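Here's a short tour of how this chain is put together. Keep the model open beside you while you read.

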Amino acid sequence: MNQLFKRKNYSETDTSTNLLRVLGVWDIVFFGIAAIIGAGSFSSLGEAIFRGGPGVILLYLICGFACGFTALCYAEFASRIPTAGSAYTYAYASFGELIAWIIGWALIMEYSFGNIYVAFSWSDYFTSFLGRLNLHIPDFLTCSYSEAKKAFLNGSENKELINAWKNAPLLGSLKFIIDIPALVINGLITWLCYLGLKESKNFNNSLVILKLAVIVFVILVGVAYINTDNWTPVSTTTQVASFMPNGFSGVMSAVSGVFFAYIGFDALSVLSEETKDPQKTLPKGMIISLVLCTVIYIALTLVLTGMVDYRKFDGVGDPLSFIFEKANANVAWMELVVSFVAIVAITTVLLVFQMGQPRIWYAMSRDGLMPQKFQEVHPKHKTPSFATIITGIVVGIPIIFTDKSFILDFTSIGTIFAFVLVCAGVLMLPAKEKIKGRFHLPYINGKVIFPILFLGALGTFYYLQPQFFDTLMDWKDPKEGEFRASIFFYLIINLILCVVAFIKNLSLIPLIGLSSCLYLLTGMSHNNWFWFGLWFALGLIIYFCYGYKNSKLRSS
């Protein structure tokens, strides 16, 4: 049993690499912005606003707060462990092999399945952009089979999906419906990642500059059309004007869409073997990109919810161009510009995610947990070539038969789980010597401060919302039952953390990161947890059938 939790010690010299170190601080910042500002702001933001109303801005603040502390934990690990692998590598150093495998398996869900959603979003904006130029692709070639079927059976008002189902040609008794743009962009991005990081870096940096310039322009133009009454709409259930018309549980129900936007910064730590002086460069780049992106998300949310009533965002997949449509702000030229830039933005997200997954497999293969073929480096391009090709295939095949809503929920829960493990891992790391010029996570004793903060926040919430605690154990409520059950277990776990922090003198920063990420998990439904558990059961079967027998750490 001890072998399952045997930890791996990392140093700068214990692992050789054939990957080129070409990335500096601002390259990391640009890659971070490329990954974070994309599908979340250009697509899933619309669904998040519809679920949470204007109050969804609170969720962005909560997610930004959680990710800020988590970024510090990632930075601490990155300053100690200059090898590819992200949370997988970090878990191997702090928890041992079995947990490392579980996290590595979660990261496959994050990068590969996340890119499926991003590819769908890219396709939506691409077809929308062509439509504004009066160029039309048949509807049955711009969506997935399951999405069209679901829309038809549920009587959706989405005319494109209904037309796709009704007009699709038959192959025998099966309707031929396939998202060609999503498949094509996946193939192109895979090819670019295969060619090499230097080419990808230059391409990426130029696109990010364009994207940021237009996003700032959208915010500046949109401010002039804000109606402050939209920030306090009248709730359809209580008939009372409220910043959170669907209640706080409604805000938390949007956690998948909001948190998906923050997945990107996790992808940065897998680039450590291609970063110049990773101990200094990577922490700085991660934190700078996260702060900038959080500010942008807050500004975008304020503008969108101020310009248009939140109820109009139902089913809207292109919210940033939607606010400039004729029925809203009526700025036609902005519609066209935003659609074009959205294509650019989502392309950069695809690029970073598609670069991240092969390097996870590269690290796992190097440890013997995956076949050696995955650590094959191209002799000319110096990239993990085989793993890159497999990533393209793993992303491409599900595009044919899955849909956006399932992928969004499935991806977010795995990412938050990985963040939880990273924060917990920092708590288990031994103290290190401070070296001038390198990132060092400040140690603040959480023995007394963390219990005071948690119990103080709990007492304040009880004072402001006593009725919530009166119904906390009513888990049968169809609307809020799941959320109440999740909050109950969250409170229990945090009370345990308070006791452990007092006994063990745990560091405050990773404690706050751990607690805040655990809170984000309270917004997940039982369906999210079911598929999450099923995915990990499959991962454990693969580990015990292959990884356990071939682990290099266990055989050393």
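Helix α8 covers residues 180–195 and packs against α15 at an angle of about 55 degrees, with the axes 9 Å apart. That makes α8 oblique to α15; angles under 35 degrees count as roughly parallel, over 145 as roughly antiparallel, 65 to 115 as roughly perpendicular and the rest as oblique. The axes are lines fitted to C-alpha atoms, for helices over the stretch in contact, and the angles run from 0 to 180 degrees between N-to-C directions.

On the α8 side, I185, N186, I189, T190, L192 and C193 do the touching, and they meet T347, L350, L351, Q354 and M355 in α15. Contact means heavy atoms within 4.5 Å. By class, this contact of α8 with α15 has seven nonpolar, four polar and no charged residues. For the classes, Ala, Val, Leu, Ile, Met, Phe, Trp, Tyr, Cys and Pro are nonpolar, Asp, Glu, Lys and Arg are charged, and the others, Gly among them, are polar.

## The model and the whole chain

A word on where this comes from: it's a predicted model, in which local features need pLDDT of at least 70 and side-chain atom pairs count only at pLDDT 80 or more, while totals for chains, interfaces and linings use all residues. Residues are numbered from 1 along each chain as its sequence is written, and side-chain values use heavy atoms, with hydrogens and water left out.

Zooming out, the chain has 23 helices and two strands. Of its 556 residues, 58% count as buried, meaning under 20% relative accessible area, with exposed being over 50% and partly exposed in between (1.4 Å probe, protein chains only). Take the contacts between residues at least 6 apart in sequence: 82% of them join residues at least 24 apart.

Helix α21 (residues 508–520) has 13 residues and reaches 19 Å from first C-alpha to last, close to the 18 Å expected (1.5 Å times one less than the number of residues). It's mostly covered, too: 13 of the 13 residues of α21 are buried.

One partner of α21 is α17; their axes come within 8 Å and cross at roughly 160 degrees. The two are therefore roughly antiparallel, and their crossing is left-handed. From α17, I416, F419, V420, C423, A424, V426 and L427 meet P510, L511, G513, L514, C517, L518 and L520 in α21. That contact of α17 with α21 splits into 13 nonpolar, one polar and no charged residues.

F417 also sits in α17, which spans residues 404–427. With a relative accessible area of 22%, F417 is partly exposed. Leaving out residues up to four places away in sequence, F417 touches I102, I103, F532 and F536. F417 and L520 are 103 residues apart in sequence, yet 9.7 Å apart in space, C-alpha to C-alpha.

## Another antiparallel pair

Helices α18 (residues 446–464) and α20 (residues 481–504) pack at about 155 degrees, their axes 7 Å apart. So α18 and α20 run roughly antiparallel, with a left-handed crossing. Here G446, K447, F450, P451, F454, L455 and L458 in α18 meet Y490, L491, N494, L495, L497, C498, A501 and F502 in α20. The contact of α18 with α20 is made of 12 nonpolar, two polar and one charged residue.

## Loops and a buried glutamate

Two asparagines are worth a click. N134 has a positive phi of about 60 degrees although it isn't a glycine; N134 is in the loop between α5 (97–132) and α6 (145–153) and is exposed, at 63% relative accessible area. N330 also has a positive phi, near 60 degrees. N330 lies in the loop between α14 (319–322) and α15 (332–366), and it's partly exposed at 48%.

Back in α15, look for E335. At 14% relative accessibility, E335 counts as buried. Not counting residues up to four places away in sequence, E335 touches R132, S321, F324, E325 and K326.

Terms used: Helix = DSSP H or I, 4+ residues; strand = E, 2+ residues; numbered from the N terminus. Left-handed = near helix turned anticlockwise from the far one by under 90°.
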